[in-house]
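Thanks for coming, everyone. Please take a look at the model on the screen, and then I'll walk you through it.

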Amino acid sequence: MNSPQTPSARIPGYGGGPFSHQPDLLDEHLFWLGHLHNYCSESEETEDLLDGTDEQEAGALQSRLLGGDTWPVFTVPLAGDHRLYVVYRAFKEDEGIDYLLHHPDWDAAERLAQDDGHFMGPGLSWAELTAAADNRLPGGSTTDPHARLLLLLPAFGDDALPDDAVERLTAALHARTHIRAPERLAAALLKDQGPCGPTHWTTAEAGYPINDADHSFRNPANSFAWPTARLARAAMALTP
């Protein structure tokens with residue numbers, strides 16, 4: 001991603017596209033209802049809190065974004081020229097949302113998480129999520145911490161949350177959506193935490209964070225986990 005107006009022609013190691021940069025969507029209530037749908041569908045409580053007259057319209061927008069000829073992509077810059085990509089993978093019958101981490105010196109982007117019928121993740125702890133949301137670095141889709149937090153939320157899972165976590169998510173939902181009970185929804189979301197559920201993070205002997213989720217690339221116990229060197233460099237890129 002070269003600038004907020006000029007989407008990258010390719011993401012190394014990641015197929016698909018062409019990509020379409022659509023930062024204006026981040027100002028749309030309907031976009032957020034669709035973006036968070038899978039994350040909110042793990043319990044009747046969260047589904048009930050989202051239920052309303054906008055649900056059908058949000059679903060139609062999401063279908064258009066995942067079924068078009070171009071792939072919507074959003075970016076969040078990180079320190080040291082690292083970058084997070086949120087890509088709407090618009091493959092017919094294999095659509096979903098991919099969360100990627102990349103640096104210009106890497107041969108290929110790392111897939112932190114994927115939000116679809118075969119969920120993979122989580123890829124971010126709470127500290128990593130909020131650090132990315134709050135860094136205010138320019139050159140991405142938005143510098144707004146509320147939008148960034150919601151954009152990256154489906155890639156997050158963490159069983160150790162600070163006391164102000166519900167307040168933080170409530171503020172983001174209030175700022176970016178028309179949800180009628182943002183505090184109740186924030187509390188329910190942080191209790192359930194989407195398809196992966198709350199995930200326990202520890203520190204590997206080499207000093208980088210790892211987790212225990214069955215579908216996470218950052219759990220060394222999984223056969224598909226990244227090797228040690230890639231786990232370490234990803235952790236360095238995401239260090240708060």
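Start with His-82. Its side chain reaches the backbone oxygen of Ala-79 at 2.8 Å. That is a polar contact: a pair of N or O atoms within 3.5 Å, where within protein one must be able to donate a hydrogen and the other to accept it, and residues adjacent in sequence count only if both atoms are side-chain atoms.

A word on the source. This is a predicted model: local features need pLDDT of at least 70, side-chain atom pairs count only at pLDDT 80 or more, and totals for chains, interfaces and linings use all residues. Residues are numbered from 1 along each chain as its sequence is written, and side-chain values use heavy atoms, with hydrogens and water left out.

Back to His-82. It lies in the loop between β2 and β3. Helices (H or I, at least four residues) and strands (E, at least two) are DSSP runs, numbered from the N terminus. Is His-82 buried or exposed? Its relative accessibility is 13%, so it counts as buried. Buried means under 20% relative accessible area, exposed over 50%, partly exposed in between, with a 1.4 Å probe and protein chains only. Not counting residues up to four places away in sequence, His-82 touches Pro-77, His-102, His-103, Trp-106 and Ala-237. Contact here means heavy atoms within 4.5 Å.

The charged end of Arg-233 sits over the Trp-106 ring, 4.0 Å from its centre. The rule for that: NZ of Lys or CZ of Arg within 6 Å of the ring centre and within 35 degrees of the ring normal.

Now ring on ring. There are 11 aromatic pairs in the structure. Rings of Phe, Tyr and Trp (its six-membered ring) pair if their centres lie within 6.5 Å; planes under 30 degrees apart count as stacked, over 60 as edge-to-face, the rest as tilted. Take Phe-19 and Trp-71. Their centres are 6.3 Å apart and their planes at 70°, so this pair is edge-to-face. Phe-19 is in strand β1 and Trp-71 in strand β2, so the pair ties together parts 52 residues apart in sequence. Both residues are buried.

Next, Phe-31 and Tyr-88. Centres 6.0 Å apart, planes at 35°, so this pair is tilted. Phe-31 belongs to helix α1 and Tyr-88 to strand β3, so parts 57 residues apart in sequence are tied together.

Phe-31 brings us to the core. The largest nonpolar core has 61 residues, and Phe-31, Leu-84, Leu-101, Leu-152 and Leu-169 have the most contacts inside it. Such a core is a set of buried Ala, Val, Leu, Ile, Met, Phe, Trp, Tyr and Cys residues joined through side-chain atoms within 4.5 Å. Leaving aside neighbours within four places in sequence, the contacts of Leu-152 include Val-76, Leu-84 and Tyr-99. A second, separate core of 10 residues includes Ile-11 and Tyr-14.

Leu-152 is also one of the buried residues of helix α6. Seven of the eight residues of α6 are buried, so the helix is largely enclosed by the rest of the structure. Those buried residues pack against α1, β2, β3, β4, α5 and α7. At the N-terminal end, Asp-144 is the cap: a side-chain oxygen lies 3.2 Å from the backbone nitrogen of His-146.

Last, the whole chain. It has nine helices and seven strands. Buried residues make up 54% of its 240 residues. Questions, please.
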